[in-house]
Amino acid sequence: MLGAEPASPCARSLPQRFLCSLSPAALRNRSGDEMLRAARRLGRSCPWSGGMPAGRARSSPELQVASFLLRDWEDFSPEVLGALGQAALGLSVSRIQENIPEEQLEAALPALGSVRGWSAEQAGAVLSKLLRSGYQILDGQSLAELGTLVGGLNSSTLRSLSPEVVLEAIQLPGFAQHLDTLPSALKRILVEKVSSRVGHPAELVKLIPNALASYIPKSLLVFDEEKPNVEDLNNKPWSREQAAMFFSDVVKAEPDFSRLSQSVLQGFTCAAANAVGAERSQELAKEMRKKKVRLGQDQLSCLLKMVTVHGIPKDLDTYPQDLLLFLSPSDYAATGNCSQFFINVGKANGDVLPREDPQRQQLLLEALECLRIPGTQINKGNAEVLGWLVCDLGEEYIRSSGGSLLKALSQCGSFLPEQEEAIRDVLSSGNTTFGPPEAWSAFTLSELSGLIPVLGPSILQQIPKKALTTWLRNFAWDSSLSREELATVVGELLPRRHKREDGCPADLEITEAVLNNDIMPAYYSPEQLRACLRNSSLENHLSQLGTYPFSIPQLAVMKEYLEERFPDGYPENVLSNLGPFLALISPGEVSTWNLSSADLLAAFLRTQPQPSDSLASAAINRYTELGNALNATALDAVGTKYVCLLNATQLEAIHPPVLKMVSLDPSACSQETKNILYQKAKEAFSEQHHFPAYYELILPYLGGAPAADLKVLSKKDVNMNVSTFVTLRRDALMPLTPREVRGLLGVNVARLAPWRFRAPVRDWIQRQRQAELDELQLGLTGGLQDGYINLAIPRFPEPSSAPLGTVAMVSHLLPALLLSFLMVSILS
């Protein structure tokens with residue numbers, strides 16, 4: 001079943017192009033020496049799927065052949081190991097653990113450390129044997145000698161190394177080139193070690209290799225009086241948040257914006273733009289267009305405000321296309337017609353505007369009007385003009401347009417339920433260029449791959465199984481489909497019923513070659529998988545198998561195996577690869593795990609896909625119940641996704657300096673959480689409060705800031721976005737004066753006007769003097785007129801929550817109290 005091709009001529013005599021495309025079955029019945037010679041040629045001369053997507057590298061044809069060739073070899077001398085080249089990837093974890101002596105591994109270390117593509121389990125097996133045998137990492141050179149195997153270090157081993165060892169290693173070119181493939185946890189530790197010995201951001205930027213740059217905490221990128229070196233900054237792949245830390249420093253000092261990299265330019269901030277002025281902001285925007293810089297919604301809104309201070313530029317095509325998302329065809333009239341406007345909108349990043357955003361809905365209406373579409377039928381030409389706006393078309397357009405929208409819709413990624421139903425109806429009809437589902441080929445599925453999650457069982461069952469299998473083998477991994485979506489297809493290939501197996505059929509034995517085959521799930525029913533797993537070491541392949549499209553019943557069988565293998569709880573290498581099994585794990589199970597370290601908690605919370613809130617909450621509670629602190633490692637793993645799950649006790653226990661090393665955003669959390677974290681963040685960043693970057697550091701926590709702190713910020717030219725302003729604490733926002741609000745919002749103050757009829761802006765307006773509101777020149781009305789008194793009417797308990805006598809007494813006294821208050825006010 002897994003391969004039945006005829007045997008080939010002796011591998012030694014095969015031309016290289018044939019050897020590199022062999023299957024394991026083609027090399028059966030060869031002698032051990034022939035197998036070894038073939039493995040050497042395979043490892044030294046074949047391309048090893050260099051052009052394949054990273055997610056499929058572990059299941060390449062070469063790897064399957066290498067696993068087959070080395071499965072029975074016994075003599076792994078340093079010379080043999082050194083000669084294998086890339087074919088060494090065919091060594092199974094069990095073979096490394098049981099058949100290769102430690103001294104031979106150490107002698108072959110230079111060769112093994114140059115092999116690209118080790119799995120985490122393989123590298124871990126090699127290093128654990130070396131370290132147990134006495135191999136020591138005493139300096140940077142010995143750490144660098146691990147080469148590509150460095151990813152096999154566990155977190156505790158790396159943490160035990162001195163910062164000086166790490167600092168020396170990362171400055172060695174041979175070590176830096178192997179850091180890209182390291183697990184995130186190890187990258188964070190390396191950055192932590194280096195930053196503990198580096199005193200200034202400029203030096204840190206210079207020393208940290210590119211592969212680690214995105215792991216530098218943003219608080220460590222705030223420059224003091226020293227000037228940042230633009231060349232050093234340009235050479236690093238920063239995140240948007242990181243670049244915002246130094247963007248202002250850079251643009252104020254840089255006369256030539258063309259020198260700035262895409263990575264630096266994405267850190268654009270309103271404060272920086274306001275500081276350089278409208279004319280230079282236009283220069284900046286044009287450079288962003290050339291470098292294809294992608295900005296967020298708030299950044300684009302601010303940039304548009306700066307470049308249109310003197311009206312809409314006539315050369316809009318020289319500015320970032322994403323700015324068009326906030327304009328209308330009439331704004332583009334001086335540049336081109338409405339059709340050209342929407343062609344360019346279709347090339348913009350539609351993800352900037354959420355589906356429910358009114359501006360996005362307005363763009364679709366204007367596009368339909370521009371194209372003069374009388375009804376609901378859209379042809380291919382109009383679909384091309386609409387671009388990603390096709391994804392917002394209602395079900396009536398999808399049904400009326402037949403198959404003309406299918407290719408465009410396959411790029412959308414997600415649909416509303418009614419859109420999905422319409423797509424299924426169109427495809428089921430067979431009245432498209434693709435024909436009925438029973439006539440589809442693997443190529444058809446490749447063209448429609450983005451719609452496969454929408455098909456449902458009714459259509460999938462009609463597609464020929466050969467077409468599905470061929471598509472899985474040759475096309476699936478080039479698509480954007482998730483493992484879960486691919487598993488739906490695999491589920492359709494498996495028999496509906498299967499007799500229980502007493503043993504594993506000979507042709508379904510789980511070998512290394514089978515484990516390295518990414519469509520392995522298509523060959524095993526759950527019953528067969530249960531029978532065949534008994535003699536396997538599943539835990540040694542979890543990182544690899546976790547990417548395969550196993551169905552839920554198959555995953556349930558594999559979970560049973562893991563429970564039998566680890567009755568006392570999962571080790572770290574299993575916890576970090578539980579992603580596919582999350583739907584089968586309960587919070588009750590998690591609450592029994594021995595999450596005794598931050599590394600264990602992080603390993604679980606960082607599994608992909610990430611755990612649900614209920615599972616994450618159970619893990620965090622279990623971790624803290626065992627007396628563990630929410631240190632930088634744990635809190636970094638908690639991140640913005642899970643920070644709202646922390647209770648008050650856990651939040652209060654956070655040591656403020658820890659917030660300098662992590663990136664959190666509690667804006668979606670309860671007010672209590674926001675309040676606690678704001679005070680801790682304020683203390684954590686207190687030494688940086690006089691820097692322009694302080695606002696970017698404290699920004700995520702401002703939902704917990706009191707009025708007094710907002711009044712201070714209003715004097716610092718922070719140019720707060722209105723989207724942030726309207727989420728501030730209500731009791732902190734109401735005392736602000738119009739002048740202070742102008743100080744907070746800066747260039748964004750005009751965007752306050754659309755909020756004038758909505759809370760909390762409406763409520764704030766009613767508490768301000770109209771004369772002061774008029775100074776904003778925004779047309780805000782409803783404030784207090786001069787000579788009027790704003791009476792704060794006391795709020796009393798509802799009748800159901802207070803004794804009846806109390807309510808009656810208050811009601812009786814209220815008129816007298818108000819009269820007394822008015823008399824005192826008039827007399828004074």
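This is a predicted model: local features need pLDDT of at least 70, side-chain atom pairs count only at pLDDT 80 or more; totals for chains, interfaces and linings use all residues.
**Figure 1. The disulfide of Cys270 and Cys302**. The sulfur atoms of Cys270 and Cys302 are 1.7 Å apart. Cys270 belongs to helix α19 (residues 270-291) and Cys302 to helix α20 (residues 297-307), so the bond ties together parts that are 32 residues apart in sequence. Cys270 is buried, at a relative accessible area of 9%, and Cys302 is buried as well, at 0%.

**Figure 2. The disulfide of Cys504 and Cys532**. The S to S distance in this pair is 2.0 Å. The link of Cys504 and Cys532 is right-handed, with 90° about the S-S bond. Because Cys504 sits in the loop between α30 (483-493) and α31 (512-515), while Cys532 is in helix α32 (residues 526-532), the pair connects parts that are 28 residues apart in sequence. Cys504 is partly exposed, with 31% relative accessibility, whereas Cys532 is buried, with a relative accessible area of 5%.

**Figure 3. The disulfide of Cys644 and Cys669**. Here the sulfur atoms of Cys644 and Cys669 lie 1.9 Å apart. The torsion about their S-S bond is about -85°, and the disulfide is therefore left-handed. Cys644 is found in the loop between α39 (632-642) and α40 (648-652), and Cys669 in the loop between α40 and α41 (671-684), so the pair joins parts that are 25 residues apart in sequence. Cys644 is partly exposed, at 34% relative accessibility, but Cys669 is buried, at a relative accessible area of 8%.

Terms used:
Residues are numbered from 1 along each chain as its sequence is written. Side-chain values use heavy atoms; hydrogens and water are left out. A disulfide is a pair of cysteine sulfur atoms within 2.5 Å. Helices (H or I, at least four residues) and strands (E, at least two) are DSSP runs, numbered from the N terminus. Buried means under 20% relative accessible area, exposed over 50%, partly exposed in between (1.4 Å probe, protein chains only).
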